[in-house]
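Visitor: I'm new to this one, so please pick a single part and walk me through it up close. Then show me what lies around it.

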Amino acid sequence: MPEQLVHPDAIRARFAAAMSGMYRAEVPQYGALLELVAQVNAATLARDPMGADHYRRTGEIDRLASERHGAIRLGTPGELAVIARAFAVMGMEPVGYYDLAPAGLPVHSTAFRPIDSGSLRRSPFRVFTSLLRPELIADADLRAEAMAILARRSIVTPRALQLIAKAEDAGGLTAPQAEHFVAELLETFRWHAEATVSAADYRRLLAAHRLVADIVSFAGPHINHLTPRTLDIDAAHALMPAHGMKPKESIEGPPSRRCPVLLRQTSFMALEEPVAFPQDGALVAGSHIARFGEIEQRGAALTPQGRSRYDAWLEADDGAAIPGLPDDWTQLRILGLCYFRYRATDQGKAVADGGGRLPNDPEALVATGHATADPISYDDFLPVSAAGIFRSNLAGETHAGYSVTDGRTSFAEALGRDALDPFALYDQAQAASIAEMRIRLRISAA
Ligand code: OOG
Ligand code: NI
């Protein structure tokens with residue numbers, strides 16, 4: 001990369017900080033949430049020095065303070081395409097496909113995020129991005145109107161579009177361009193206190209689905225939450241009321257474990273905020289419920305075998321423990337249920353540098369202290385949990401599941417590519433760490 005261009009990781013870090021600042025200014029409760037999480041994290045690290053050691057060794061302690069994900073909801077395939085280009089400037093790629101229709105939500109989603117471990121460490125910012133499925137608006141007239149309204153808006157500023165094109169041509173942005181880009185792209189995700197539809201149309205859209213109203217009634221896809229990462233979600237959830245937040249009923253995801261896996265999430269309920277609706281050249285006061293705050297605790301990424309045990313537990317929905325998923329890192333590793341990052345230890349390096357021969361098998365190297373293995377953090381989302389987070393923030397509205405055909409193909413068409421497979425990314429990260437460890441230990445691959 002030519003020297004004058006800024007690394008995408010640096011642009012993403014700046015953008016994440018700018019988004020956090022904007023959301024904090026717009027939603028003061030989000031600031032309170034950040035303070036709560038910072039307190040809980042400090043207390044957890046002080047109480048559990050082993051845990052602190054783990055986060056230090058994996059480098060995750062560096063990303064903790066900046067750890068955020070956010071979420072947006074888009075209206076059209078064209079909007080998804082332009083957002084994908086904007087996120088690509090910041091090194092974020094679409095990972096995973098989440099179909100939320102079976103849970104009664106008229107959207108499907110992906111997560112834009114950095115994919116290599118160095119980039120994740122420098123700035124783990126990700127955006128859960130949903131796209132409206134208009135075919136799920138039952139009323140054909142309303143559906144046509146909604147699509148016409150969406151067709152008229154353009155969610156990225158002309159200047160941001162120019163800078164995206166520039167980045168694509170030149171392979172990146174210079175520092176002043178990057179600064180400009182961050183400021184311009186921020187506009188896309190800002191809250192609009194004025195709707196673009198009349199109060200009557202808003203009510204019709206609301207009747208179709210609260211998400212439809214949220215997506216269609218405004219000039220752009222306001223960020224609807226940002227999520228800091230906590231090290232103890234049970235403590236943070238319990239402390240929410242004392243910090244002035246009304247938590248959702250329960251924590252989504254796997255149970256609390258000594259060896260945390262996947263992702264546990266909770267949120268405070270969405271706020272009712274004043275919104276003005278245009279009416280005969282004037283404005284009519286009203287309100288809209290969309291924005292909330294979420295916290296997450298991330299654990300280890302599961303392999304497909306591990307994940308199927310979690311999914312079976314979810315399905316059965318009984319019992320505190322997940323059958324077949326031992327609460328022990330060594331067992332999880334030996335059984336191939338979690339992904340791990342391997343590293344040569346000083347002991348291993350000394351043997352290798354002294355001309356000693358070491359076994360090829362990673363497990364044998366760990367057992368003899370020549371290598372360590374740390375679980376790889378799960379950086380993606382969970383469809384059932386995501387549906388729970390959505391639902392808790394729809395002002396109590398519930399819908400039966402939509403029965404529709406798989407939207408994966410139409411989603412990929414809008415994106416212009418397939419979303420990446422999360423399992424493949426974790427598998428590559430594990431394999432790369434093993435290869436690097438073998439080189440360091442002078443083991444020629446068998
Ligand atoms: C997205 C809800 C899902 C998560 O963390 O699983 C989500 C939304 O409300 O737009 O953010
Ligand atoms: Ni979220």
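Guide: Let's start at the nickel ion (ligand 2), which is held by His-69 (NE2), His-225 (NE2) and Glu-294 (OE) at 1.9 to 2.1 Å. This is a predicted model, where local features need pLDDT of at least 70 and side-chain atom pairs 80 or more, while totals for chains, interfaces and linings use all residues. Residues count from 1 along each chain as written, chains are lettered from A and ligands numbered from 1 in written order, and side-chain values use heavy atoms, without hydrogens or water.

Along the chain, the nickel donors follow the spacing H-x155-H-x68-E (donors are N, O and S atoms within 2.8 Å of the metal, 3.2 Å for Na, K and Ca; water isn't included, so sites may look incomplete). His-69 belongs to strand β2 and Glu-294 to strand β11 (residues 293–298), so to speak two distant parts of the chain linked, 225 residues apart (DSSP runs, numbered from the N terminus: strands E, at least two residues; helices H or I, at least four). Both His-69 and Glu-294 are buried (under 20% relative accessible area with a 1.4 Å probe, protein chains only; exposed is over 50%, partly exposed in between).

Next, have a look at two helices. Helix α7 (residues 140–152) has 13 residues and reaches 19 Å between its end C-alpha atoms, close to the expected 18 Å at 1.5 Å a residue (1.5 Å times one less than the residue count). Buried in α7 are Leu-142, Ala-146, Ile-149 and Leu-150. Seen down the axis, these buried residues of α7 fall within an arc of 95 degrees, so they line one face (the arc of directions from the axis to the C-beta atoms). The face turned away from them carries exposed Asp-141, Ala-151 and Arg-152.

Helix α8 (residues 158–170) buries Ala-160, Leu-163, Ile-164 and Ala-167. They line one face too, because their arc down the α8 axis is within 105 degrees. On the other side of α8, Pro-158 and Asp-169 are exposed. Just past α8, Gly-171 has a positive phi of about 80 degrees.
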